Amino acid sequence: RGYAQRMARVSIAVLAALAAAVAPCLCATGDIYLVEVTHYPCSYYDDFGKQVESNNTIWKIMVKNEAYQKDVDIVAVDANVTISAIFQYKSGNNYETWYAQYSSPRDGPAFESFYIREIVHDHTDYDNNDGKNYPLKNMGPALYNTNVAVESYGCISSAYDYWVQVCAVVNNIAYAKTVTLYYTWDNWFSTQKMDMLFNSEYCKCGQDYCVSEPDDDNCELWQASFPTADPTKIQFYVSYTVNDVTYIDNNLGINYYVTFY
């Protein structure tokens, strides 16, 4: 009987892992492609202590791991600006996730379109949105090549335990939708799930600099958090169901692992 119970647990774990791996996910479309760009108002203090109103931008990019040495850039079309991206974490299907960030004074020079460039080995790869370049004009997040994307995640320690926090962005395809966080602390021997909550404002830089959701690109921010005694064992993915179709971001099949803020 004990052997049968152990085999049943193993079978459940295998089925859960396979479900996470084969579910519809953010799918690769090339050697380099854009997933999300977020444009939001903020402020910062310059070298003289003066507060400057700014526009900040964050890019999430998928890059095929053709070689260890590579350069990934955001190139502005209508300005002499090139922003270097940095590696964040490994993803499935031999991809890597890279991020780039840029801040400019709100009353200073800005650009309204861009493309992504990767220089690796002896060749250069581009994602220029099929020759149209990508726009950068609306405040809030915008998704490309997917309908759901994990935007940020991490873990905050409290006096008694840890809190895992996950933020996801979805395309507002229809009003009725469910966004669900699936997670495990025992490598999918058991699976927990919780409904993520819609956030009516995107406040990346405090309550004084919020963008109403859904934004002008018709995207929404959804969030979830839960306590855990050991965040190092947490894996998760996000599911988005709308019009009887389910989209999943599971980091291209290998799920996400929690890190500390």
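Predicted model: local features only at pLDDT ≥ 70, side-chain atom pairs only at ≥ 80, totals over all residues.
Residues are numbered from 1 along each chain as its sequence is written, and side-chain values use heavy atoms, with hydrogens and water left out.

Colouring by accessibility, you will find that buried residues make up 46% of the 261 residues; buried means under 20% relative accessible area, exposed over 50%, and partly exposed in between (1.4 Å probe, protein chains only).

Next, select the open sheet of four strands, whose order is E11-E12-E18-E15 with antiparallel pairing; two strands pair if DSSP finds at least two bridges between them. Its edge strands, each pairing on one side only, are E11 (148-157) and E15 (197-199).

Then keep strand E12 (residues 162-171) and strand E18 (residues 219-228), which run antiparallel and are joined by 10 bridges. Within this pair, centre on Gln165, which stands opposite Ser225 in E18.

Finally, move along strand E12 to Asn171, which counts as buried because its relative accessible area is 16%. Leaving aside residues up to four places away in sequence, Asn171 touches Leu143, Thr146, Asn147, Asn218, Cys219 and Tyr240, a contact being heavy atoms within 4.5 Å.

Methods. Helix = DSSP H or I, 4+ residues; strand = E, 2+ residues; numbered from the N terminus.
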